[in-house]
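Please examine the sequence and the model together with the text below.

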Amino acid sequence: MGTDAILVLDFGGQYCHLIGRRIREKNVYSEVVPFDISPEEIRKIGKEFNVKGIVLSGGPASIYEKNSPKMDKQILGMGLPVLGICYGHQLIADYLKGKVVRAEKKEYGYSTALISNPAGILKGLGKRETVWMSHGDTVADLPENMEVLASTENCPVAAYRHKTAKIFGVQWHPEVVHTKNGMKILDNFIFDICGCNPSWNAEESAGGYIDKLRKEVGNGSAIIGMSGGVDSSAAAVIASKALGEKLTAVFIDTGLMRENEPVMIKAMAQKLKINLLQIEASKTFLDALKGIRDPEEKRKIIGREFVRAFEKEAEKTGAMYLIQGTIYPDRIESGQSKKASVIKTHHNVGGIPTDIKFKGVVEPLRDLYKDEVRKLAIKLGMPKEMVYRQPFPGPGLAVRIMGSIDREKVRIVRKAEAIMSEEVEKTPLEERPWQYFAVLLDTKSTGVKGDSRAYGNVIAIRAVESREAMTANFSKIPYETLERISTRITSEIPEVTRVVYDITNKPPATIEWE
Ligand code: XMP
């Protein structure tokens, strides 16, 4: 049988992941893949999933630009239904010999689509629909074998279909909430046109993850690093259910963890019935990071030291596989696909050295977004307070200290972090920001403490709302809370003279500062 899947070709559009998410919300598996994926690679994915259709995302380029992203044309002839959205819509029209022109007026925002033929992807839609547009180029003309389904004032071919093949295009964005009946359009494509069976479910497939991991490791044994975060803990529960005694779980104390973290993790492992080995390695990590200021270098050093520490333990137990709690956004942002840009090297992906001594690295959660991991974790029986723990980056406080790192700086940022958490956590779980933390800046600032001049450190505090960490908005924390945090940080940490609040969204910033 297998699970049905839709592939989303990523042409760099800001809503690309939203398309993937919307499909998954309909219980159909979807994967965002690079725009230059080959038909062979698609067939390879087809060995694991029933690939039932392809969506081409939007993108910022114009098809006329010299280096604009182009897909392998053969994909249109694989017999799979294809839906082009925005840039994808223009690209298909161009490939099939339609006419794409620079629009006189760029359209951005709400528009009204006049549906001339409510068929195919537009089945069930009214004569006039509120849609969300964001484009410069426009399809002006179609070849004989294609027909127009809808238009807008500035766009004569706002939606089309091929007369014989299952190929569709839509200029507006069905995936954003501003397009009122956008989900209906995606439903039509996924279910009516591609014939997908809504059988995929991140949490329902818990058993599947366990079986898959057991198969991957076979007769071998494995080691997993638990950091206490939901990703590595969920991966550890899956691994321990799959491998039992053949799994060694270790917690490596890098010296870059949050306050009380080692004690908490020990208690957490006990609750999960995981036999956890604690390894004190702070000297090794801090020595390796001495004098390093570059964030990417820090991440790579930490990734390397983690793997070296795992290898050392694996030598004792004979573990052949390294299991990691890598999730989907880690892979995307580490630029694992050929064309995507490297936003940052997540320690457990790009930060891994190439000369590892393991037979393989196994990543049971590699295809899931954070909120899906959380649902799965609940299904695996993990307690709520563990599942909704603050995300904490693998490189730990190292990426929350700007510039070089030493024990003193770690102590300051750790204390600031603890104060921030304590104050935010006075509100109920549901009302808290998605993530909140403190950052120690590499700058000094004048202050006045006890009637005398003080020249001390600056702490930036950050709190964001997000669903899956790919995008985030800064939290509108009440001023009273911010004031309490700032007062406590400056009075309880004598070295700090100033606290600032980060009001940047992602994009353009990332969540962490490094
Ligand atoms: P950014 O800073 O990329 O962070 O917007 C997105 C989310 O990922 C966390 N993060 C990491 N998690 N290893 C991890 O396991 C890493 O190297 C890493 N870097 C960032 C970050 O805290 C946020 O939740």
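A residue is called buried when its relative accessible area is under 20%, exposed when the area is over 50%, and partly exposed in between, as computed with a 1.4 Å probe on protein chains only. The model is predicted, so local features need pLDDT of at least 70 and side-chain atom pairs count only at pLDDT 80 or more, whereas totals for chains, interfaces and linings use all residues. Residues are numbered from 1 along each chain as its sequence is written, and side-chain values use heavy atoms, with hydrogens and water left out.

**Salt bridges**

A salt bridge is counted when a side-chain nitrogen of Lys or Arg lies within 4 Å of a carboxyl oxygen of Asp or Glu. By this rule, the model contains 34 salt bridges. Helices (H or I, at least four residues) and strands (E, at least two) are DSSP runs, numbered from the N terminus.

| Pair | N to O distance |
|---|---|
| R22 and E25 | 3.3 Å |
| D355 and R308 | 2.9 Å |
| E423 and R484 | 2.7 Å |

R22 and E25 both belong to helix 1 (residues 16–25), where they are three residues apart, about one turn of the helix. R22 is buried, at 12% relative accessibility, and E25 is partly exposed, at 38%.

The salt bridge between D355 and R308 links distant parts of the chain, 47 residues apart: D355 is in the loop between helix 10 (328–333) and strand 14 (360–362), and R308 is in helix 9 (residues 295–317). R308 is partly exposed, with a relative accessibility of 26%.

E423 and R484 also form a salt bridge. This pair connects helix 13 (residues 407–424), which holds E423, with helix 14 (residues 479–492), which holds R484, across 61 residues. E423 is buried at 3% relative accessibility, while R484 is partly exposed at 37%. Both residues belong to a network of salt bridges that also includes K415, E422, K426, R488 and E492.

**Backbone geometry**

Most residues other than glycine have a negative phi, and most peptide bonds are trans. K97, which is not a glycine, has a positive phi of about 70°. K97 is placed in the loop between helix 3 (87–95) and strand 5 (99–115) and is exposed, at 66% relative accessible area. N260, likewise not a glycine, has a positive phi of about 65°. N260 is in the loop between strand 11 (247–253) and helix 7 (261–271) and is exposed, at 55%.

A cis peptide bond joins K506 to P507, with omega about -15°, and another joins P507 to P508, with omega about 10°.
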